Amino acid sequence: MSSSTGNENQPAHVSLWPGQKELLKYLTLIAAVLALVSVNIKLDGNNDFGAQLAFSLLLALMFFLSICLGSLFLTLIHHLFDSTWSAPLRRVYENIATLIPWLAIPFGFLCLFGDQLYGWMAMESAGNPDHALHAKHAYLNKPFFYIRAIIYFSVWTWLANKLRYWSIRQDEEGTAECAFKMRKFAYMGVFLFAFTLTLAAIDWVKSLEHAWFSTMYGVYYFAGSVWTTLATLYALFLVLSKKGGPLEGIVGKRQFFDLGVLLFAFTVFYAYIHFSQYFLIWNANIPEETYYYVIRENGSWWDISMLIIFGHFFIPFLTLLRIDAKLSPAIVVPIAAWAWLMHYIDLSFNIMPVLHPEGFHWSYVWVDISCMVAIGGLLALKFIKKMDSAAPYPVKDPRLKEALEEQAIEREASEDAEMAKNGLQS
Amino acid sequence: MESESQKAYGLVAEFDTPADIMEAARQVRNLGFTKWDVHTPYPIHGMDQAMGMNNSKVGWFTFLGGITGFTTGYLMIWFMNAFDYPLIVGGKPMFSPYFAFPVGYELTILLGAFGTLFGMFFLNKLPRLHHPLLKNRNFAKVTHDKYFLVVEVEDPKFDESQIRELLTDNGSTNIELVEE
């Protein structure tokens with residue numbers, strides 16, 4: 001293979017623009033300060049300070065947790081299916097997945113505002129007429145909530161770090177043992193992942209309205225998360241594989257096509273899951289379930305729900321439907337940016353009506369953005385550091401050579417297609 | 001039976017390796033032939049492009065089938081529940097896009113699949129009872145370990161000696177003229 005670009009086994013220097021680290025540091029700091037200022041906001045009908053910050057922080061946390069967990073999921077299924085096409089992409093997945101422990105910082109901060117966020121935390125269970133509170137007390141109580149949070153973060157951190165550890169050891173030793181180890185973690189990990197993600201989504205977001213039921217909630221968060229992750233990765237890999245980038249000649253057409261196909265599939269999957277959740281509640285028509293969507297039809301939340309139907313599903317679905325659209329950066333990159341906006345809207349739709357039942361919180365969007373920039377900036381800095389600390393792709397993965405050979409064929413095929421097209425024109 | 005004057009169908013060239021037939025396909029493509037095909041025991045990655053083929057048109061049939069299915073599903077539910085025999089069930093409206101959706105969705109898939117299958121049949125001119133190539137004994141090896149390139153006589157650029165020369169140069173081990 002002559003496709004090596006001379007950077008094998010060398011750490012990748014991710015340079016998006018000169019002075020990126022300084023800029024990211026300042027951005028993160030300014031955003032964090034701005035977010036902290038918002039602790040003084042006192043909302044109408046709400047006596048607590050810091051409520052807006054708590055909700056915005058939760059939103060930003062869930063947003064970036066989506067991308068980290070989505071990457072962990074892609075690492076797990078890569079090993080489960082022993083797939084060829086994603087071998088060149090694996091290291092970047094691992095680098096993003098191992099950012100999860102950094103999210104414990106915003107989560108720890110969030111714990112300070114537990115009572116403002118979660119109604120059930122603030123309510124006294126004994127003698128309270130709220131039946132749901134009693135019925136769910138065995139699960140929704142403060143000590144168990146925090147113990148569970150510690151378990152989730154430990155499991156994710158442990159899994160992501162173990163997978164990355166053996167992956168880097170494979171770079172050095174290239175022994176079969178490393179591949180088998182990673183597979184073992186994947187077998188166990190996929191169960192642990194499913195349980196922890198489902199419960200985390202229920203604990204942190206669904207329990208905002210503790211009286212509500214939805215058995216689809218975990219998979220609902222999962223679907224939106226992987227969708228956003230794929231959109232993010234598509235754009236990220238375009239940057240990393242550009243001329244002179246660390247993945248030039250390593251990530252090619254096949255990888256982008258499959259990422260695009262998965263993005264398309266998860267567009268449908270998310271819509272399917274969200275529709276199923278809505279439809280069952282609508283059809284059963286039981287007040288303790290319907291109130292959730294009744295709140296979300298008030299004021300501008302109605303428009304937000306419509307935006308989710310059309311923006312989260314129809315626009316990306318119809319745009320990505322054609323086979324060639326999935327390969328066109330000019331189409332997928334705007335869709336990726338749109339996916340970030342839609343995931344933010346989707347999370348707002350889930351989280352914010354608790355605090356702002358009257359409608360979308362236009363005047364406090366800046367708090368959301370500050371929290372997102374603060375967390376996103378921190379993660380971006382750590383991601384660049386991770387990329388700098390190891391080779392940008394698993395250099396001794398047994399499937400890597402296969403993937404690169406496949407790309408050589410792809411390149412030949414594109415040349416063929418180009419020639420055939422020109423031949424027909426002349 | 002009555003075919004005293006047998007009409008030729010085309011030239012069938014046998015190849016031993018996928019690399020050989022791929023290169024031959026490129027040559028044939030570059031010469032601008034239109035009525036020719038490649039037959040292999042398994043799909044060869046990159047062959048579509050080597051032959052200069054565009055993306056299949058089956059997708060359009062799938063899309064049309066899907067749209068038809070979706071519309072049919074919605075119209076059917078509306079007709080049955082809100083028009084032909086309106087009946088209030090569980091305090092729900094006579095028609096709502098929500099409960100029509102599962103039916104519309106299933107019919108989208110069903111008619112989309114039909115569109116794919118029958119579109120493929122239509123584009124391949126299937127079903128047909130016979131194909132001239134099946135008369136050629138040698139061609140049976142296509143289901144085992146040989147690769148075949150066929151240029152039809154009806155191709156406007158068909159020139160037997162030129163094609164024989166071209167394909168032999170590209171590693172064809174055996175070339176035969178197959179009759180209709």
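In chain A of this predicted model, A:D82 sits in the loop that joins α2 (51-81) to α3 (90-97); helices (H or I, at least four residues) and strands (E, at least two) are DSSP runs, numbered from the N terminus. A:D82 has a positive phi, near 50 degrees, and is not a glycine. Its relative accessible area is 28%, so A:D82 is partly exposed; buried means under 20% relative accessible area, exposed over 50%, and partly exposed in between, with a 1.4 Å probe and protein chains only. Most residues other than glycine have a negative phi, and most peptide bonds are trans.

Chain B has a positive phi in B:K125, about 55 degrees, although B:K125 is not a glycine. B:K125 belongs to the loop between α4 and β3 of chain B and counts as exposed because its relative accessibility is 63%. The loop between α4 and β3 of chain B is also the place of B:P127. The peptide bond that leads from B:L126 to B:P127 is cis, with omega near -5 degrees.

Strand β3 (residues 147-152) of chain B is mostly covered, with five of its six residues buried. β3(B) pairs with strand β1 (residues 8-15) of chain B in the antiparallel sense, over six bridges; two strands pair if DSSP finds at least two bridges between them. One place in chain B to look is B:F15, which stands opposite B:Y147 of β3(B). Strand β2 (residues 36-39) of chain B also runs antiparallel to β3(B), and four bridges join them. Here B:W36 has B:V151 as its bridge partner in β3(B).

Two or more lining residues come from each of α16 (398-425) of chain A and α1 (18-30), β2, α4 (97-123) and β3 of chain B. The most come from α16(A), which gives four residues. By class the lining has 14 nonpolar, 11 polar and seven charged residues; Ala, Val, Leu, Ile, Met, Phe, Trp, Tyr, Cys and Pro count as nonpolar, Asp, Glu, Lys and Arg as charged, and the others, Gly among them, as polar.

Back in chain A, A:Y118 lies in the loop between α5 (114-117) and α6 (119-122). A:Y118 counts as buried because its relative accessibility is 2%. Leaving out residues up to four places away in sequence, A:Y118 touches A:L58, A:F145, A:D203, A:W204, A:S207 and A:L208, where contact means heavy atoms within 4.5 Å.

Residues are numbered from 1 along each chain as its sequence is written, and chains are lettered from A and ligands numbered from 1 in the order in which they are written. In this predicted model local features need pLDDT of at least 70, side-chain atom pairs count only at pLDDT 80 or more, and totals for chains, interfaces and linings use all residues, while side-chain values use heavy atoms, with hydrogens and water left out.
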